[in-house]
Structure formats: C-alpha cells, structure tokens
Amino acid sequence: MRIAIISRNKNLYSTRRLIEAGEAKGHEMHVLDPLRCYMNINAKEPEIHMRGKELPQFDAVIPRIGASITFYGTAVLRQFEMMGTYPLNESVAISRSRDKLRSLQLLSRKGIGLPVTGFASKPNDIPDLIDMVGGAPLVIKLLEGTQGIGVVLAETRKAAESVIEAFMGLNAHFMVQEYIKEAGGADLRCFVIGDKVIAAMKRQAKPGEFRSNLHRGGSATLVKLSPAERSTAVKAAKTMGLNVAGVDLLRSNHGPLVMEVNSSPGLEGIETATDKDVAAQIISFIEKTAQFHKTRTKGRG
Ligand code: ADP
Ligand code: MG
C-alpha cells in the first residue's frame, strides 16, 4: 500500500516508528507536512499539491496532527477523505476530540464515567459553580492547556475562587472538576486500536505533584487493566469515532473515569513502558481495514 503520514516532522519518534513499521511490512511510506499541502476544492476532482506537484493517490493516511494545527491539519485530512483515501482516524472524529467540552458532553451522553465537571466562561456565581462539583478540593483546568500546564489543584474554597477569578480575568475558558484524590497522582493511558486496548501504562506523578504527565516529571510503567477499565476505554474511543486513541482514565473508588481521549496518542511513552510494537499494530490495523472510499463522514457531521 501507499501510506501517507500527516506529520510536521519526520524525525519525531512516533512518525519514525510508523515509517519503520510500514516499510518493514512492505508498504510505501510518505511523510507529508500538512502546512506545506495546498488544495483545490473547486474542481470535480479534488487535488492535493505539494512543491508544485500533485500528490499521487494514497491508499491510507495516518493523521498525526498536533493540537496547534488542528484547523488546517483536519482540512488537509478532509481533502484526502474526499479523494477516497482511507483515514486511520477521520477528520470529524479528530475535531470532536480536540474540543474538550464537546468530548465530555458526548461521553456523558453514552453513560461513560467522568469526573463531575462544571464549565464556565464568566460565571456570575462562583460559589455555586464550586458547589456544583462538590466543593474543594477541586481541579481547575484551562481548556487550551496540554501537558499538565493550566491544570491547578485548589485545596480550599478560597484558593479555588482566586484561581477562577484569575482565569476569568484572562478571558480564558476553563472547567472545574471534582478532585479524584484516591487516584493517588496516577492515571492510566489506554492505547486503543479498533475495539481493543492493545497496550496500557500507568503514569505516576513525582512526589508532591498530582499531575502524572510525563512532561511534568511523571514516570510510566506497564499496568494490567481491569475488564471495566478496558471496556470503558474502548467505549470512549468508539463514542468519539476514533479507530486509534489514547484514552486517559483515573482510578476512582466508583470505577474508571475518563479524563480525556487523545486522537494522536504518542508512541514513545507507551512503547517504552510496555515494550510492545504499537506502530506495527497500527499498520496491521490499516492492512485489515483500509478500503478506498470507506470514510464514513467525509467531513460531514
Ligand atoms: P492535560 O491535557 O494538560 O494533560 P489533564 O486533564 O490530563 O490535562 O490533567 C493533567 C493531569 O492531572 C492528569 O494526567 C492527572 O494526573 C491529573 N488530574 C487531572 N484531573 C484530575 C482530577 N479531576 N482528579 C485527580 N487528578 C487529576
Ligand atoms: Mg492529560
């Protein structure tokens, strides 16, 4: 097959591993920087060009679209979809998962366990917002944050009010969330492909920290999931419409709670912690499922 990886940088670990795994299975792998692609959306035959030339037809495309280029990256992916190329994750599903509020609303509609979450922009009754999620301690998150930046644990009601006021002053969107203390500074990253969790790791925050992000000094180890954790992760990915997803769970004393669903989960942490060839499993999944003009949405919905 001829497979395109939409990625800004061919030297990133995940991109490199996907090229390796694809080539090892005899596929022709191309890395395309989405920002370099330009497109014709008027003609009957949609086209994608790069460096003055039309791109050849691809059998499958693997989107690795960073959060900062979601808008243009998903437009490029949509163009591939219109041309009949099979997308590992569809553009619509990626856009859905990038909107944290929309994601939580979709997940709750399917009855998936979530931390009690309130969201607000300029709440005129902060004490009531705090009560909605059960009072302090609580977690306040900037919607635009990643890698743990913009996630604050407010131990007291006073602290929570101050942080909320500060975020409001910055005109930022934010959410307030019940603090899952019993998670003990750990979360579970479940790597879902199709209808299976193919690898999972536990990320533990460093001492004195509640955020388990590896970028915040957390450490990752192999973990065995319970059946409920597996089925929650698979259901969350399915709800978002993602074939491949990194589903982050918190272990609460009332079962697994979904924190977020990532549509371009990184391979380095999970492959290192679990010693599994995740890249090869992604390529195998594409071999099994890719068909021309199989995209369900082609950007609709
Ligand atoms: P980001 O998108 O920046 O990674 P997250 O929502 O994943 O933000 O939060 C970062 C980390 O903070 C999580 O991995 C988890 O360890 C911790 N955390 C987030 N929300 C909660 C919560 N409600 N209860 C307990 N810990 C949490
Ligand atoms: Mg996170």
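User: How much space lies in the largest cavity?

Analyst: This is a predicted model. The count comes to 1 cavity of 30 Å³ or more. The space in the largest cavity is about 60 Å³.

User: Which domains does the lining of the largest cavity draw on, with at least three residues from each?

Analyst: Among the lining residues are Leu-18, Ile-62, Pro-63 and Arg-64, and also Val-244, Ser-263, Ser-264 and Ile-282. Each contributing domain supplies at least three residues. The two are domain 1 (2-96) and domain 2 (99-113 + 182-284).

User: How many residues of each class are in that lining: nonpolar, polar and charged?

Analyst: Pro-265 and Leu-88 are among the residues that line the largest cavity, as is Asn-89. By class, the lining has 7 nonpolar, 3 polar and 1 charged residues.

User: Which strands are the edges of the open sheet of 4 strands?

Analyst: The sheet has parallel pairing and the order β2-β1-β6-β7. An edge strand pairs on one side only. That gives β2 (28-32) and β7 (86-87).

User: What is the bridge partner of Ala-60 in β7?

Analyst: Strand β6 covers residues 60-63 and runs parallel to β7. The two strands are joined by 2 bridges. In β7, Ala-60 has as its partner Tyr-86.

User: Is Cys-190 buried or exposed?

Analyst: The cut-off for buried is under 20% relative accessible area. Cys-190 has a relative accessible area of 0%, so Cys-190 is buried.

User: How many disulfides does a search of the whole structure find?

Analyst: Cys-37 is buried, at 1% relative accessible area. A disulfide needs two cysteine sulfur atoms within 2.5 Å. Across the whole structure, the number of disulfides found is 0.

Technical notes:
Residues numbered from 1 in each chain as written. Chains lettered and ligands numbered in written order. Predicted model: local features only at pLDDT ≥ 70, side-chain atom pairs only at ≥ 80, totals over all residues. Heavy atoms only, no water. 1 Å grid on protein atoms, 1.4 Å probe; cavity = no way out; pocket = protein on both sides within 12 Å on 5 of 7 lines; lining within 4 Å. Points joined across faces, edges and corners; volume = space filled by probe spheres on them. Nonpolar A, V, L, I, M, F, W, Y, C, P; charged D, E, K, R; others polar. Domains from an automatic or database assignment. Buried < 20%, exposed > 50% of the residue type's maximum accessible area, 1.4 Å probe, protein only. Pairing = 2+ DSSP bridges.
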